[in-house]
Amino acid sequence: MTAVVLIDTLLLLLVTVTAVAIIEVRNLYASAMLTSVYSLLMALVWVNMHSMDVAFTEAAVGGGISTILLIGTLVHTAREEKPLKRRVHGKALALTALCGAALIYGTFDMPRFGDPKAPIHHFRVPEMMAQTVGFANSTAGKQAPPAGFDPLEYRSFNGAVPSVPVDPADTAWRETSVLAQHGIMLPKVNGHALHPAEPGHHLHPPDDFNGHVPNSVTSLLAAYRGYDTMFETTVIFTAGVSLILLLRRPRREGYLQRSAPLADQAILRVVSKMAIPFILLFGLYVITHGELGPGGGFQGGVVVACAFILFALIFGRPALYRVLPPPVCDLLTGLGVLMYSGTGLACLLLGGNFLDYAMLDPISPGDGEALGMTLVEYGVGITVSMVMLTIFNQLAEERSK
Amino acid sequence: MTDVLGIYNYWIYVVLMMIGLYGVIAKPNLIKQAIALGLFQTGIFLYYISMAVIDGGTAPIWTTIEDGAQKFQGPYDNPLPHVLILTAIVVSVSVLAVALALIINIKRSYGTIEADEIERMDHEDRLIEYRAGQAPDAADDAEARHHA
């Protein structure tokens, strides 16, 4: 029994107890606060399972934003649940028990926790971990599978997936760029020698991870699943638009000019004034640093939004609207999505595939990848932060008439 | 014993999902239902992240560099479920936000956020209209009450 399993066991017990409390407690404020506790516990669980990026997101989103949204809604709906006639809903309990029993029966067929032989650690993993997605040549030695396992066997599990489709030495297609043909963005060789192991790449300084992005979560997010992430960003954008459609009142009614109730609390005012610049800086750091360490557009965007929300909570929304007027906020929301798809389009114009970041710098594809991923992460960050801010503004705007 | 610990995470995921499902069915309060839906989602997140863990593994961030080549200290956890769940968490907060906006609108037109009361009000309205000899139409009801 490893430490991971031991901590995991205890934390998950706590999580389950909190979940029961969230459902059973009648005061909705208590329920919202318990949701925050639950998210922070969950963030610990993710850290324990080495899932840093998810932990980051869970702490920022679950512990921060969603609690604020819930409390913002409770203010103008109801504080208490209506008392129920019967404490336990018999039919629901029977149904969930039945459903749960069936699912638990299913878990006996699952591979054991952390089992290195589980299919998930082999199917397509060599390609993914070697980050050779754009090149499709399995570079040797990136992550060796456990002894006794033939990755090729797992790959052939799906006949549709070709193992090595193209000749990795053939990089001529990378040099033919639409813009280069017209004399724009001519590729320059900055004294880089060809990489001996990967013919498409050029040798980089040692801190450059052979031109690959060190945080594989970000690299998968932006490259391997680039389309998926783009449309996730669009989903978030859609949520922001729906909130505006559902709750925003016509401009002519004006924004509610409420005084800021917390602004005369000296300690809150001074501390938040000192903290907000650092929260903003940290958010930008998380977005920019996304390819090197845990973090990225989603996490950083939420942190940036938290800074603005803190400002609005302490100094009032009129002050926030002076700093960031709603029309600007709306424009930025769309700009983020445009930035993401625009980066994809730029790669297309440069002669590659949509979101093939290597095309941004055809001579050293690693730098191109890093540049493209940073641009995309900023696009995601801008959209996420502005949508979170819009959601907060709309929910807080809605006062009892 | 190791066998039980090996699937313990999957049991907890089932329990969390079922707690969420119970909340959605048993609690008439709409905000409670939105929260319960969130619990259901975290159960699924737990399922995905648990699958990604590998014995003796570490976070999938390349670290050590020696002589320009990468030297690995051990196996890495599978990053793909992390990517899926990372985006799913942000989408789940968007879902929560839209749900809350709808709940606020419901509160505005019905004056309550308890599902059973809303249902009773709809039913009573239909009954009145039926007795008046009109065709029941729920959309018109809500509109009329909103303007009243």
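**Close-up views of a two-chain predicted model**

Figure 1. I44(B) is partly exposed, as 16 other C-beta atoms lie within 10 Å. The model shown here and in the other views is predicted. I44(B) belongs to helix α2 of chain B. E119(B) stands 75 residues away from I44(B) along the chain, and the C-alpha atoms of these two residues are separated by 31 Å.

**Figure 2. The make-up of chain B.** Chain B contains 5 helices and 2 strands, and along the sequence these elements follow the pattern α-α-β-β-α-α-α. Of its 148 residues, 44% count as buried. Among the contacts in chain B with a separation of 6 or more, 51% are made by residues 24 or more positions apart.

**Figure 3. The side of chain B that touches chain A.** Contacts between the chains involve 71 residues of chain B and 82 residues of chain A. On chain B, at least two residues of this side come from each of α1 (2–26), α2 (30–52) and α3 (79–110). Helix α3(B) supplies the largest share, 22 residues. By residue type, the side of chain B that touches chain A comprises 50 nonpolar, 15 polar and 6 charged residues.

Figure 4. Chain A has 15 helices and 0 strands. Of its 401 residues, 41% are buried. Residues 24 or more positions apart provide 71% of the contacts in chain A with a separation of 6 or more. Helix α4 of chain A, residues 90–107, has 18 residues; the distance from its first C-alpha to its last is 26 Å, close to the 26 Å expected at 1.5 Å a residue. Of the 18 residues of α4(A), the number buried is 1, so this helix lies largely in the open.

**Figure 5. The loop residue H50(A).** In chain A, H50(A) is located in the loop between α2 (28–48) and α3 (52–75). Its phi is near 60°, a positive value in a residue other than glycine. Most residues other than glycine have a negative phi. H50(A) is buried, because 22 other C-beta atoms lie within 10 Å and the cut-off for a buried residue is 20 or more.

**Figure 6. The largest nonpolar core and V302(A).** This core has 122 residues, and L69(A) and V302(A) are those with the most contacts inside it. Helix α15 of chain A, residues 365–397, gives the most to the core, with 15 residues. Domain 1 (3–80) and domain 2 (219–397) of chain A each contribute at least three residues to this core. Leaving aside residues up to four places away in sequence, V302(A) touches A60(A), V61(A), G64(A), I65(A), V384(A), S385(A) and M388(A). In soluble globular proteins, nonpolar side chains tend to be buried together.

**Figure 7. Confidence along chain A.** The mean pLDDT of chain A is 76, with 72% of its residues at 70 or more. Within chain A, confidence is highest in α2(A), at a mean of 94, and lowest in helix α6 (residues 151–155), at 42. The pLDDT is below 50 over residues 131–180 of chain A, a stretch with 72 contacts in the model beyond near neighbours in sequence. Residues 184–211 of chain A also have pLDDT under 50, and the model gives them 55 contacts beyond four places in sequence. Where pLDDT is low, the predicted coordinates should not be read in detail.

How values were computed
Residues are numbered from 1 along each chain as its sequence is written. Chains are lettered from A and ligands numbered from 1 in the order in which they are written. This is a predicted model: local features need pLDDT of at least 70, side-chain atom pairs count only at pLDDT 80 or more; totals for chains, interfaces and linings use all residues. Two residues are in contact if their C-beta atoms, placed from the backbone, lie within 7 Å. Helices (H or I, at least four residues) and strands (E, at least two) are DSSP runs, numbered from the N terminus. Ala, Val, Leu, Ile, Met, Phe, Trp, Tyr, Cys and Pro count as nonpolar, Asp, Glu, Lys and Arg as charged, and the others, Gly among them, as polar. A residue is buried if 20 or more other C-beta atoms lie within 10 Å of its own, exposed if 12 or fewer, and partly exposed in between; C-beta atoms are placed from the backbone. The expected span of a helix is 1.5 Å times one less than its number of residues. pLDDT is the predictor's confidence in each residue, from 0 to 100. A nonpolar core is a set of buried Ala, Val, Leu, Ile, Met, Phe, Trp, Tyr and Cys residues joined through C-beta atoms within 7 Å. Domain bounds come from an automatic or database domain assignment.
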